[in-house]
Amino acid sequence: MNNKTILEFIWIGGVVIILAWAAIANASYIYSHQDNIANPVANDPSGTVINVTGYQWGWQFTYQNGTTTTDKLILFSNTTYTLIVTSKDVIHDLYIPKFGIQVYAVAGHPNQISFKPTSPGQYIMECVEYCGEYHYEMRGVVVVLP
Ligand SMILES: [Cu+2]
């Protein structure tokens with residue numbers, strides 16, 4: 001083997017190692033994020049309705065008894081909920097990664113999604129549609145009570 005052939009093998013080997021590393025890192029990320037703790041279900045008329053309003057820059061949740069919370073969604077486990085999501089101003093996008101749900105918040109066009117959280121705990125939620133200067137402040141917590 002001449003020097004050029006050896007260099008060629010090193011070059012190809014390097015690329016193969018980098019691609020293999022990327023494939024393994026990607027696969028392990030995907031498998032470790034498959035543990036959704038809420039099951040999105042088809043729109044269930046028996047679900048407890050919570051009205052969600054996105055605004056610059058926060059989330060307001062209005063429960064059936066009329067109480068409201070800001071940037072904090074409080075749920076009970078093993079209960080089916082229906083979020084009716086809208087916006088006061090620009091388009092926002094409610095994302096709860098651990099629940100596997102994401103809903104656009106559009107003024108005058110309510111979107112709805114139903115799900116049933118199964119594990120108590122605290123989970124993050126955030127806006128994933130760039131909506132202005134303080135977009136990054138549109139994050140909050142979902143508290144699932146036992
Ligand atoms: Cu937003």
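Trainee: Which residue in β11 does G121 stand opposite?
Mentor: G121 stands opposite V144. This is a predicted model, by the way.

Trainee: How do β10 and β11 pair, and over how many bridges?
Mentor: The pairing is antiparallel, over 6 bridges.

Trainee: And β5 with β11, parallel or antiparallel?
Mentor: Parallel, over 5 bridges. L75 has V144 as its bridge partner in β11. F76 stands opposite L145.

Trainee: What strand order does that sheet have?
Mentor: The order is β5-β11-β10-β7-β8. It is an open sheet of 5 strands, and the pairing is mixed.

Trainee: Which strands stand at the edges?
Mentor: β5 and β8. Each has a single partner strand, so one side of each has no neighbour in the sheet. Neighbouring strands here are turned by 20° against each other on average, ignoring direction.

Trainee: Back to β11. Which residues are on its covered face, and which on the uncovered one?
Mentor: G140, V142 and V144 make up the covered face. R139, V141, V143 and L145 are on the uncovered face.

Trainee: Now the other sheet. What is the order of its 6 strands?
Mentor: β1-β9-β6-β2-β3-β4. That sheet is open too, with mixed pairing. β1 and β4, residues 68–70, are the edge strands. Each of them has a single partner strand, so one side is left without a neighbour in the sheet. The twist from one strand to the next averages 30°.

Trainee: How does β6 pair with β9, and how with β2?
Mentor: β6 and β9 are antiparallel over 5 bridges. V85 stands opposite N111 in β9. β2, residues 48–55, runs parallel with β6 over 7 bridges. There, T53 has T86 in β6 as its bridge partner.

Trainee: What about β1 and β9?
Mentor: Antiparallel, over 4 bridges. The bridge partner of V41 in β9 is S114.

Trainee: Where is confidence lowest in the chain, and where highest?
Mentor: Strand β1, residues 38–41, is lowest, at a mean pLDDT of 72. β3 is highest, at 97. For the chain, the mean is 91, and 96% of residues reach 70 or more. Where pLDDT is low, the predicted coordinates should not be read in detail.

Trainee: New topic, the core. Which residues in the largest nonpolar core touch the most other members?
Mentor: V52, L83, V85, L94, V103 and V142, out of 22 residues. Several strands give two or more residues to this core, among them β3, β7 and β10. The largest share comes from β6, with 3 residues.

Trainee: What does L94 contact beyond its sequence neighbours?
Mentor: Leaving aside neighbours within four places in sequence, its contacts include V52, W59, V85, V103 and M125. C127 is another of them.

Trainee: Which residues have positive phi without being glycine?
Mentor: D71 is one, with phi near 55°. D71 is in the loop between β4 and β5. N78 is another, with phi about 55°. N78 is found in the loop between β5 and β6.

Trainee: Last one. Where do the domains fall?
Mentor: The domain assignment gives domain 1 as 1–34 and domain 2 as 38–145. Their centres, taken over C-alpha atoms, are separated by 41 Å.

How values were computed
Residues are numbered from 1 along each chain as its sequence is written. This is a predicted model: local features need pLDDT of at least 70, side-chain atom pairs count only at pLDDT 80 or more; totals for chains, interfaces and linings use all residues. A nonpolar core is a set of buried Ala, Val, Leu, Ile, Met, Phe, Trp, Tyr and Cys residues joined through C-beta atoms within 7 Å. A residue is buried if 20 or more other C-beta atoms lie within 10 Å of its own, exposed if 12 or fewer, and partly exposed in between; C-beta atoms are placed from the backbone. Two residues are in contact if their C-beta atoms, placed from the backbone, lie within 7 Å. pLDDT is the predictor's confidence in each residue, from 0 to 100. Two strands pair if DSSP finds at least two bridges between them. Domain bounds come from an automatic or database domain assignment. Axes are lines fitted to C-alpha atoms, for helices over the stretch in contact, and angles run from 0 to 180 degrees between N-to-C directions.
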